[in-house]
Amino acid sequence: NDVAGWMGGNIHHVIRYVDQYHAENDIHGDIAEIGIHHGRLFFVLAAAARGEEACIAIDLFDHQVLNVDQSGNGSKQTFLGHVEQIFPEVKPRLRVVEGDSMSMTMPSIRERIGTERIRLFSVDGGHTRLHAVNDLSIAQELLVGGGLVLLDDFFGPHWPSVTEGFFQFMAQYNRR
């Protein structure tokens with residue numbers, strides 16, 4: 001509750017269940033989120049990371065001029081302050097990628113995040129149709145078998161473009 005942001009009240013139960021499923025089925029991979037804001041959901045995801053798993057935070061952060069839909073207003077300084085004060089044990093595994101996911105190609109994102117294996121991936125970046133399609137496509141390419149993608153604001157009344165993007169992704173781009 002000390003971290004500003006939005007998160008469904010039961011999401012920690014979902015993450016705990018999926019993490020148990022992954023442990024029982026020997027599913028390994030890193031943790032990633034596009035759209036950090038100040039890290040509220042990111043820290044729940046990072047709590048599920050095992051010792052060898054990286055925790056990857058992708059956000060515009062202080063380049064809000066690129067936030068075309070004004071869907072968030074994240075601050076890298078605030079996020080890193082929370083890492084220091086609330087969750088310092090994540091620091092050795094933390095990878096921060098600052099930039100717009102729309103400008104990242106698959107080869108460049110693999111290089112920038114340093115992995116090709118994500119088991120928990122939260123998509124909470126730009127809330128346009130195109131951002132949702134793009135970010136789900138990135139998640140699809142990096143997700144391990146049995147991994148989970150969380151899509152923020154799906155059927156959210158304030159962000160119908162996310163739902164449009166999900167259905168466009170499913171109809172045109174989903175291969176898995």
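**Notebook: charged pairs, strands and spaces**

I looked up R110 and noted that R110 is partly exposed, at a relative accessible area of 25%, where buried means under 20%, exposed over 50% and partly exposed in between, with a 1.4 Å probe and protein chains only. I keep in mind that this is a predicted model, in which local features need pLDDT of at least 70 and side-chain atom pairs count only at pLDDT 80 or more, while totals for chains, interfaces and linings use all residues. Residues are numbered from 1 along each chain as its sequence is written, and side-chain values use heavy atoms, with hydrogens and water left out.

I then asked which residue R110 pairs with in a salt bridge. The partner is E116, with the closest N and O atoms 3.8 Å apart, and E116 counts as exposed at 54% relative accessibility. A salt bridge here is a side-chain nitrogen of Lys or Arg within 4 Å of a carboxyl oxygen of Asp or Glu, and the search of the whole structure finds eight of them.

Next I followed D19, which forms a salt bridge with R50 at 3.4 Å between the closest N and O atoms. Because D19 lies in helix α1 (residues 11-24) and R50 in the loop between α2 (40-47) and β2 (55-59), the pair ties together parts that are 31 residues apart in sequence; helices (H or I, at least four residues) and strands (E, at least two) are DSSP runs numbered from the N terminus. R50 is buried, at 18% relative accessible area.

D19 also meets R119 in a salt bridge, 3.1 Å from N to O, and since R119 lies in strand β4, this pair ties together parts 100 residues apart in sequence. R119 is buried as well, with a relative accessible area of 0%. I recorded a network of salt bridges that links D19, R50, E53 and R119.

The bridge partner of V123 in β5 is L151.

Where do V123 and L151 turn up again? Both line the largest cavity, alongside residues including D124, H127 and V162. The lining of this cavity divides into four nonpolar, three polar and two charged residues.

How values were computed: Pairing = 2+ DSSP bridges. 1 Å grid on protein atoms, 1.4 Å probe; cavity = no way out; pocket = protein on both sides within 12 Å on 5 of 7 lines; lining within 4 Å. Nonpolar A, V, L, I, M, F, W, Y, C, P; charged D, E, K, R; others polar.
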